[in-house]
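Let's take a friendly walk through the salt bridges of this protein. Have the sequence and the model open beside you as you read.

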Amino acid sequence: MSDRRRSLHKCDMDRSNRVSAFLMLWLLICVGSSPLSMVVHTSSKVGLPAVLPCTVAYQQETAHVPHIQWQTIRDSVFERMGEELFQGEAYLDRADVPVEMLMRGNCSLFLRDVRFSDAGLYESYLVVGESSIKNRVYIQSVQLAVIDHKTIKFVKPGEELILDLYTHQAEQVVFQNSNDTSWSVLWERGAGIRKKGYPKERDNKLIFKAVTASSAGTYKVLDSQGLALSTMKVTVAEPVGAKEKHALQRQCELGKATMSMPPLSLITLFLSFHLMFFK
């Protein structure tokens, strides 16, 4: 191969390497700036509030409230245009970005009474530009996880058992006895009192009066889809009988007396054994 050909071949290789390097850099920039690479993860228990964090920088000397949008892959969630706002159908009366916080650059989305269906990826955008020409600027992606409640309770026979419904999404309470595998319905929303021992509803809680040993087991609060909003395992502890209590108390007293034997008595006991076996 002539020197000229080697020189041309080397130039082609250098040009190809530069193009490859440029394409790799462009790919890294695109991937690094994509919404999926900037996901913030947060979680909330079903029925409780959730906050999806977001901050935005804008000219604070202006009196205008930033135009903010929140959406999921499928739905529009919330939009605030100054004092005007829009809430998606699935988020009516549950979603908000407060004006006073937004004016300070906090565009976090507040969700009330979180549902299992709220779980997913949310994206926030700042809308900028004149009224005729507007552009959306991506701000933040937040992955929301929604989890159920799990509790363990210990109660004595005759006491009240209080079961928290947590949310108005609760439609039914089912129960499984500790010695059984089947489930029975204890309460249904709007069903009223149907039988003796039916729980009383107060302040979004169910109150079971005078529990017995048969009340021990697992209680589940279900929503309209049959999903468990909460699971509570209950143990009913029988009180210690009077005779058993007296016996335990006597054992404790004897133990204390043995431990508190004066040193002189121990010495006397030792000398007695010594004289018996070594005289």
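A salt bridge here is a side-chain nitrogen of Lys or Arg within 4 Å of a carboxyl oxygen of Asp or Glu. Side chains of opposite charge can pair when their charged atoms come close. You are looking at a predicted model, in which local features need pLDDT of at least 70, side-chain atom pairs count only at pLDDT 80 or more, and totals for chains, interfaces and linings use all residues. Residues are numbered from 1 along each chain as its sequence is written, and side-chain values use heavy atoms, with hydrogens and water left out.

How many salt bridges does this rule give? The count is six, and one of them joins K150 to D148, with 2.8 Å between the closest N and O atoms. K150 is exposed at 59% relative accessible area, while D148, at 22%, is partly exposed. These words refer to relative accessible area: buried is under 20%, exposed is over 50%, and partly exposed lies in between (1.4 Å probe, protein chains only).

Now turn to R94 and D118, whose side chains form a salt bridge at 2.9 Å, N to O. R94 sits in the loop between β5 (84-87) and β6 (95-96), and D118 in the loop between β7 (109-111) and β8 (120-129), so this pair ties together parts 24 residues apart in sequence. Strands (E, at least two residues) are DSSP runs, numbered from the N terminus. Both R94 and D118 are buried.

Finally, find R189 and E201, which meet in a salt bridge at 3.6 Å, N to O. R189 belongs to the loop between β13 (184-188) and β14 (200-202), and E201 to strand β14, so the pair links parts that are twelve residues apart in sequence. R189 is partly exposed at 28%, and E201 is partly exposed at 39%.

How values were computed. Helices (H or I, at least four residues) and strands (E, at least two) are DSSP runs, numbered from the N terminus.
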